[in-house]
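Have a look at the fold before reading on.

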Amino acid sequence: MRHEPHPSNAPSALDRVLVLEMVRVTEAAAVAASAWIGRGDNDAADAAAVEAMRAALNELPMHGTVVIGEGERDEAPMLFIGEEVGCAQGSGPRIDIALDPLEGTTLTANAGPNALAVLAIAESGGLLNAPDTYMQKLAVGPGYPEGTIDLNKSPTENVRAIAKAKGVEPRDIIACVLDRPRHAEIIAELRALGCGIKLIPDGDVAGVIATADPDTGIDVYMGSGGAPEGVLAAAALRCVGGQIQGKLLFRNDDEIARARRWGIEDLDRVYTLDDMAKGDCIFAATGVTDGSLLKGVHKEKNRVTTESIVMRASSGTVRRVATEHYKLGSQRTL
């Protein structure tokens, strides 16, 4: 995976939270959710992942606050926005947490590809408190001049700008788009331009990350999806480089009121990478089902295997972690 690290010599509260501990948290959620692969029960799969992730977070020596979670307290009794986690509430480092214990509940329930357990952490104040609404997103990987993409411009204009910066024709650009009826106009415009389209059924965090991985062939991600997933994706790009822009989309007055409760007054603001994730960040994900980014959870008679990815902004490192879980409390990391 190509990357442009964001090194910092400033002390980081994240130095006290081992990178590998974040992987253990996403592993726990992925393994728990995997029991529901192909069972057709979205809620049960999500609940299993949430419970496992919460338990793992509460074992860590930190004072964590969930800023991107499963909704507000009255909507989600587990891992809600504003919930505090960690076993060092009084003395541990203060950490902001964005999480999606199961990104791809429907994918898991239907045994589809690319379901993930996802987590990002940053120093307090480092992650945007995005409400649980939709967000229009536009993202590219590293290597492009700043300002190459512009959410206020059309898909055609953005593809042409990316192609020019890359030194190719627009038809050589591959765009990743969620396969949704709301994206029919974007898809038609891209096809009229002649560029390729990778349609995905779910999992737009993986879709954004794919722009930073040359092996995927994906150059740009565009379309609307969840705002929480936008922040998680921004945290990943913070670690490996790239550009992302997002604009909150509101469907009703209740969503506008929710945004204002979180201090968002400019409803038309276009958020950049630094608006959504700044400072030192750690991003971790573990595959639940097999996908383009990670292998899923695989079970044999005496072991369970997982594959994870973990990134850190300050060091510019990207690690892939393969783990064999032999019994409760015992695991071997390869």
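How many bridges join strand β5 to β8, and do they run parallel or antiparallel? Seven bridges link β5 (residues 134–140) to β8, and the two run antiparallel. Strands here are DSSP E runs of at least two residues, helices are H or I runs of at least four, and both are numbered from the N terminus; two strands pair if DSSP finds at least two bridges between them.

A word on the source: this is a predicted model, where local features need pLDDT of at least 70, side-chain atom pairs count only at pLDDT 80 or more, and totals for chains, interfaces and linings use all residues. Residues are numbered from 1 along each chain as its sequence is written, and side-chain values use heavy atoms, with hydrogens and water left out.

Strand β8 (residues 220–226) also pairs with β6 (residues 174–178), this time parallel, through two bridges.

| Residue | Bridge partner in β8 |
|---|---|
| A139 | Y221 |
| A175 | V220 |

Seven of the seven residues of β8 are buried, so the rest of the structure largely encloses this strand. Buried means under 20% relative accessible area and exposed over 50%, with partly exposed in between (1.4 Å probe, protein chains only).

Now for helix α5 (residues 184–193): I186, I187, L190 and L193 are buried there. Seen down the axis of α5, its buried residues fall within an arc of 125 degrees (taken from the directions from the helix axis to the C-beta atoms), so they line one face of the helix. E185, R191 and A192 are exposed on the face turned away from that buried side. Just after α5, G194 takes a positive phi of about 95 degrees.
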